[in-house]
Amino acid sequence: MPKIVDPDARRLEIAEAVFRVIQRDGVAQASLRSVAEEAGLAIGSVRHYFRGHDELIVFAMRSLADRLEARLLRHLPELLDPATPRSRRQEITEALLGELLPLTEQTRAETDVWLAFSAAAKNRPDLAEEAARMYDGVRALVRRVLDGANEAGGLLEGLDLAVETERLAALLDGLALSTGRTSPELMRAVLRRHLESLRRPE
């Protein structure tokens with residue numbers, strides 16, 4: 001009896017192989033053949049799920065963004081719940097924004113791959129669209145977090161939230177670029193110090 005393969009699961013499995021190849025060798029080396037070898041599949045099997053190299057790379061980039069988005073959204077219900085104590089809200093905010101930083105082995109790998117995708121997007125319109133979606137999504141999330149904190153009375157009065165959104169997003173971008181040079185502990189401390197500078201005193 002032939003083995004039944006879940007096509008969505010197989011596509012994600014292939015995307016994971018793309019990530020490993022890109023982290024090790026770069027986007028330019030993520031050919032259908034190298035990805036198939038990394039996934040332990042015949043190249044024909046990869047072609048069964050993707051019409052070509054461009055579709056494979058775009059799918060992998062989108063799936064990485066979707067995976068991060070899903071993790072971020074899990075933090076929001078408790079964070080935006082008015083009944084959540086202020087101290088707990090601060091913890092959740094740091095954890096949520098920390099998802100965007102290379103603080104663990106997994107997020108370091110994701111950051112490496114995303115930076116490689118972003119660099120490739122400068123010369124590839126198909127990837128540029130996904131890079132722009134991620135860029136806008138991060139800033140929308142940061143603004144939502146700041147709006148929630150402001151509505152709960154947790155931020156200093158008179159802040160320009162548009163400016164603070166860009167300032168915090170730029171801080172996250174900069175820390176992500178320092179992967180391998182700045183320790184996770186220092187990244188957490190920098191993020192915490194920045195958030196503390198925005199908070200209204202108890």
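The questions and answers below concern a predicted model.

User: How many helices and how many strands are there in the protein?
Analyst: Since this is a predicted model, the answer describes the model as computed. Read from the N terminus, the elements run α-α-α-α-α-α-α-α-α, and the C-alpha atoms fill a box of roughly 65 × 40 × 30 Å along the principal axes. The count for the protein is nine helices and zero strands.

User: Among contacts between residues at least 6 apart in sequence, what percentage join residues at least 24 apart?
Analyst: The protein has 202 residues, of which buried residues make up 45%. When the contacts between residues at least 6 apart in sequence are considered, the part that joins residues at least 24 apart is 67%.

User: Which residues have the most contacts inside the largest nonpolar core?
Analyst: The largest nonpolar core has 57 residues, and helix H4 (residues 53-80) gives the largest share of this core, with 12 residues. Inside the core, the residues with the most contacts are Leu97 and Phe117.

User: Which residues does Leu97 contact, leaving aside its neighbours within four places in sequence?
Analyst: Leu97 belongs to helix H5, where it takes part in the contact with H9. With its neighbours within four places in sequence left aside, Leu97 is in contact with Val142, Leu168, Leu172, Leu191 and Leu195.

User: What is the handedness of the crossing of H5 and H9, and how do the residues of the contact divide?
Analyst: The crossing of H5 and H9 is right-handed. H5 contributes Thr93, Glu94, Leu97 and Gly98 to the contact, while H9 contributes Leu191, Arg192 and Leu195. By type, the residues of this contact divide into three nonpolar, two polar and two charged.

User: Is Thr84 buried or exposed?
Analyst: Thr84 has its place in the loop between H4 and H5, and, not counting residues up to four places away in sequence, Thr84 touches Glu78, Arg89 and Ile92. Its relative accessible area is 8%, and because buried means under 20%, Thr84 is classed as buried.

Note on methods
Residues are numbered from 1 along each chain as its sequence is written. This is a predicted model: local features need pLDDT of at least 70, side-chain atom pairs count only at pLDDT 80 or more; totals for chains, interfaces and linings use all residues. Side-chain values use heavy atoms; hydrogens and water are left out. A crossing is left-handed if the near helix is turned anticlockwise from the far one by less than a right angle, and right-handed if clockwise. Helices (H or I, at least four residues) and strands (E, at least two) are DSSP runs, numbered from the N terminus. Contact means heavy atoms within 4.5 Å. Ala, Val, Leu, Ile, Met, Phe, Trp, Tyr, Cys and Pro count as nonpolar, Asp, Glu, Lys and Arg as charged, and the others, Gly among them, as polar. A nonpolar core is a set of buried Ala, Val, Leu, Ile, Met, Phe, Trp, Tyr and Cys residues joined through side-chain atoms within 4.5 Å. Buried means under 20% relative accessible area, exposed over 50%, partly exposed in between (1.4 Å probe, protein chains only).
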